[in-house]
Amino acid sequence: MTESAPSFELLPGAAESPVLLHVPHSARAIPEDVRKGILLDDTALGLELDHITDAHTSRIAERAAGLAGLTPWRFVNRLSRLVVDPERFPDEREEMLAVGMGAVYTRTTHRGELRAADTDPEPLIERYFRPYAQAMTEAVTGRLAATGRAVVIDVHSYPGQALPYELHGTGPRPPVCIGTDAFHTPPELREAAWKAFSACGETGLDSPFSGTYVPLEYYGCDRRVSALMVEIRRDTYMTEPGGPAGPGLERLATALATLVNAL
């Protein structure tokens, strides 16, 4: 792709909605100059994108927004997480650095070489990560100003079988995993998600993935910002890896809309 394409997009919802659906990992696009720093050939890169992309999650969020009684706002990453991963800490706090998957990945899902180990992440962080983080901060600030609160719902997916990069891949892998944060996920939000996704099969908590995304300006210090991560097991709505969506997508979008309506 060329640099003229937007790297992220804020899609407005109802002025009175506090909900922000965050879709960080649904895209496959990589700018041409960034592609040059990736060591994989085109075939291997395509397969890596199949494994690492949360395919069709932007469609799930879009459909849920259309079904919701009060349209939520959506913040959608238009670039692959292989450019930068906007949900990582950009420093030593990030535990995924242990497997070469900090804000700028140097290793693949199967722990192969993606970029040179001595790659300086700062140019990509400056060019993509910080503008994204600032725009997300502003989006949350906007919801706070308009409604007095903000609810960030992260929309993710994960493979049916654990991949080698996963640090916590030995635990349960339910159809829907609810990721929580001790500070930003109040019990009523967790329960609303549990109830909304009950129609989609077993719902688990914080396994195989835990935590939520909150802009650092608000992280751990402002309870007006609540957050929850929805991790959907891919075999419930698509053909793995990287294949087409199936009828499960509509069921999941309906469940997500039910959650939005409860907030």
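Guide: C221 counts as exposed, with a relative accessibility of 54%. Keep in mind that this is a predicted model.

Visitor: Is C177 buried or exposed?
Guide: Buried means under 20% relative accessible area. The relative accessibility of C177 is 0%, so C177 counts as buried.

Visitor: How many disulfides does the model have?
Guide: A disulfide is a covalent bond between the sulfur atoms of two cysteines. With the cut-off at 2.5 Å, the count of disulfides is zero.

Visitor: Which element gives the most to the lining of the largest pocket?
Guide: The largest pocket holds about 970 Å³ of space. Its lining takes two or more residues from each of α4 (122–147), β4 (150–158) and β7 (225–233). The top contribution is five residues, and it comes from α4.

Visitor: Which residues lie nearest the centre of the largest pocket?
Guide: By class, the lining has 18 nonpolar, 11 polar and 14 charged residues. Of the 43 lining residues, those nearest the centre are E87, R88, E94, S210 and T212.

Visitor: What is the volume of the largest cavity?
Guide: Rolling a probe the size of a water molecule over the atoms shows where empty space is left. The structure holds one cavity of 30 Å³ or more. The volume of the largest cavity is about 60 Å³.

Visitor: Is L10 buried, partly exposed or exposed?
Guide: L10 sits in strand β1 (residues 8–11). The limits for the middle class are 20% and 50%. At 36% relative accessibility, L10 is therefore partly exposed.

Visitor: Which residues is L10 in contact with, leaving aside its neighbours within four places in sequence?
Guide: P175 is 165 residues from L10 along the chain, and their C-alpha atoms are 28 Å apart. Contact requires heavy atoms within 4.5 Å. With its neighbours within four places left aside, the contacts of L10 are L20, W73, R74, F75 and A139.

Methods. Residues are numbered from 1 along each chain as its sequence is written. This is a predicted model: local features need pLDDT of at least 70, side-chain atom pairs count only at pLDDT 80 or more; totals for chains, interfaces and linings use all residues. Side-chain values use heavy atoms; hydrogens and water are left out. On a 1 Å grid over the protein atoms alone, a cavity is a set of points where a 1.4 Å probe fits but cannot get out, and a pocket is an open set with protein on both sides within 12 Å along at least five of seven lines; lining residues have an atom within 4 Å of a point. Grid points are joined across faces, edges and corners, and a volume is the space filled by probe spheres set on the points. Helices (H or I, at least four residues) and strands (E, at least two) are DSSP runs, numbered from the N terminus. Ala, Val, Leu, Ile, Met, Phe, Trp, Tyr, Cys and Pro count as nonpolar, Asp, Glu, Lys and Arg as charged, and the others, Gly among them, as polar. Buried means under 20% relative accessible area, exposed over 50%, partly exposed in between (1.4 Å probe, protein chains only).
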